[in-house]
Amino acid sequence: MNFNSIKPGILILGTVFLASCGSSDKPAQMAPPAATPVSVYTVAEEEVTTVDTYPGVVVALNEVELRAEVGGYVTGIFVQDGQKVTKGQKLYEIDRTNYLAAYNSANANLQVAKANHLKAKKDAERYTNLAQQEAVAKQRVDYAITDMVNAASQVAVAEAALATAKANLNRSVIVSPLTGTIGISQVKAGALVSPGSTLLNTVSTNDPIAVDIAVNQKDIPRFLKLQKNASTVKDSVFSIELQDKSVLQMAGKIVAVDRSVDPGTGTIKVRISYPNASGMLLSGMTCNVKVLNKAETRQLTIPYKSVSEQLGEYMVYVVGDSSKAQQRMIKLGAEAGQKVVVTQGLSAGEVIVSEGAQNVRPGAVVQPTPSTQENAVAKSAQ
């Protein structure tokens, strides 16, 4: 083809056509991204009551082991296992034959000693009267008085022997030392028991009952205050969580704080007493004691669900004046219900994203929902 023969007007049109085609490849101007809908919360200070949890063991306030004080065969068991007993109630009997015989023998010896003493006393009186009339030698009077003193000593020895025999006879019958519940018998009828070593059973009181907890030494001043505070019982400061997660709101009160701190653990034992008329608490049970801990000053709180965690660090999204959400690291304190205390990183009056944070990126524009833009709880706390 001979390009020299092409007219100039055709070249101009082609150039214009190519230019118009090239302009259609330019990208269109992007629209600004839509704001992310979120719920927000206004940070505020409020009175905070947290709950501290302490592992506890249920213990009887009064518990006595029943052990044989005399030896012999068990000839009688007068209670059933787990029965309620009263103080002085007859529980066990050990063969009394030998102890009764020893008591009768000691009693007879005492009567003989008393008779001898009476005779010696009369002889001493008679010889004393004769000596006044110079009818008998003075040495004979001295002998008579000595015999009387010796006879009095024999009476004292016989009385001591009788007291021992009577005590052993009484110890052959074991009675309940307190009112409470008896456990499962450790011996059967006919068993041979030894004095001081054979455990027969255990009796304990169960109403009231107590729970022992180990408290860190830094919390000792707070628990000493709770022990002296009369409103502790009324405010139900100490509640019990059983193993099935059920919670007993009982009127617990501190009855004892141990005398010293365990140097190995840095804790001290605190004993809390509870009424137990229903018998729900049994000695030896393990449980958790929930202790209300009211802060002395108002503290910053936020909903716990607004907090994100990454590699052990906690953060929230703070909404600025331009509705942009910026991530901020915070330090957390104790939990208080659905909220958590913030110890560092936020100030009262700041607005954070409480719901929808998973859809937010740092620097993104957010659109608070009208229903949660102003938090009623935060307003009332200010």
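This is a predicted model: local features need pLDDT of at least 70, side-chain atom pairs count only at pLDDT 80 or more; totals for chains, interfaces and linings use all residues.
Reader: What does the protein contain, in helices and strands?
Author: There are six helices and 24 strands. The protein has 382 residues, and 33% of them count as buried.

Reader: Why is Ser-273 called buried?
Author: Buried means under 20% relative accessible area. Ser-273 has 7% relative accessibility, so Ser-273 counts as buried.

Reader: Where does Ser-273 lie, and what does Ser-273 touch?
Author: Ser-273 lies in strand β16. Among the residues that Ser-273 touches are Leu-61, Pro-208, Ile-209 and Ala-251. Gly-252, Lys-253 and Val-255 are also touched by Ser-273.

Reader: What makes Arg-271 and Asp-212 a salt bridge?
Author: The cut-off is 4 Å between a side-chain nitrogen of Lys or Arg and a carboxyl oxygen of Asp or Glu. The closest N and O atoms of Arg-271 and Asp-212 are 2.7 Å apart, so the pair is a salt bridge.

Reader: Which parts does this pair tie together?
Author: Arg-271 lies in strand β16 and Asp-212 in strand β12, so the pair ties together parts that are 59 residues apart in sequence.

Reader: Are Arg-271 and Asp-212 buried or partly exposed?
Author: Asp-212 has a relative accessible area of 10%, which is under 20%, so Asp-212 is buried. Arg-271 has 26% relative accessibility, which lies between 20% and 50%, so Arg-271 counts as partly exposed.

Reader: How do you know that Lys-90 and Glu-93 form a salt bridge?
Author: Their closest N and O atoms are 3.3 Å apart, which is within 4 Å, so the pair qualifies. Lys-90 counts as partly exposed at 36% relative accessibility. Glu-93 is buried, with 18%.

Reader: What makes Arg-67 and Glu-65 a salt bridge?
Author: The closest N and O atoms are 3.0 Å apart, so they are within the 4 Å cut-off. Arg-67 is partly exposed at 34%, and Glu-65 is partly exposed at 46%.

Reader: How many salt bridges does a search of the whole structure find?
Author: The search finds 13. Lys-119, Asp-123 and Arg-126 are linked in a network of salt bridges.

Reader: How do you know that the span of helix α3 agrees with its number of residues?
Author: Helix α3 covers residues 138-171, which is 34 residues. At 1.5 Å a residue, α3 should span 50 Å. The end C-alpha atoms are 50 Å apart, so the span agrees.

Reader: Which residues of α3 are buried, and what do they pack against?
Author: Those buried in α3 include Val-141, Ala-144, Ala-151, Val-155 and Leu-169. The buried residues of α3 pack against α2 and β8.

Reader: What is the order of the open sheet of seven strands?
Author: The order is β14-β13-β17-β3-β12-β16-β15, with antiparallel pairing.

Reader: Why are β14 and β15 called edge strands?
Author: Each pairs on one side only.

Reader: What makes β13 and β17 a pair?
Author: Two strands pair if there are at least two bridges between them. Strands β13 and β17 have four bridges, in the antiparallel sense, so they pair. Phe-238 stands opposite Val-291 in β17.

Reader: Which helix lies across strands of this sheet?
Author: Helix α4 lies across β3, β12, β13, β15, β16 and β17. The helix runs at about 125° to β15.

Key:
Residues are numbered from 1 along each chain as its sequence is written. Side-chain values use heavy atoms; hydrogens and water are left out. Buried means under 20% relative accessible area, exposed over 50%, partly exposed in between (1.4 Å probe, protein chains only). Helices (H or I, at least four residues) and strands (E, at least two) are DSSP runs, numbered from the N terminus. The expected span of a helix is 1.5 Å times one less than its number of residues. Contact means heavy atoms within 4.5 Å. Axes are lines fitted to C-alpha atoms, for helices over the stretch in contact, and angles run from 0 to 180 degrees between N-to-C directions. Lists of a residue's contacts leave out its neighbours within four places in sequence.
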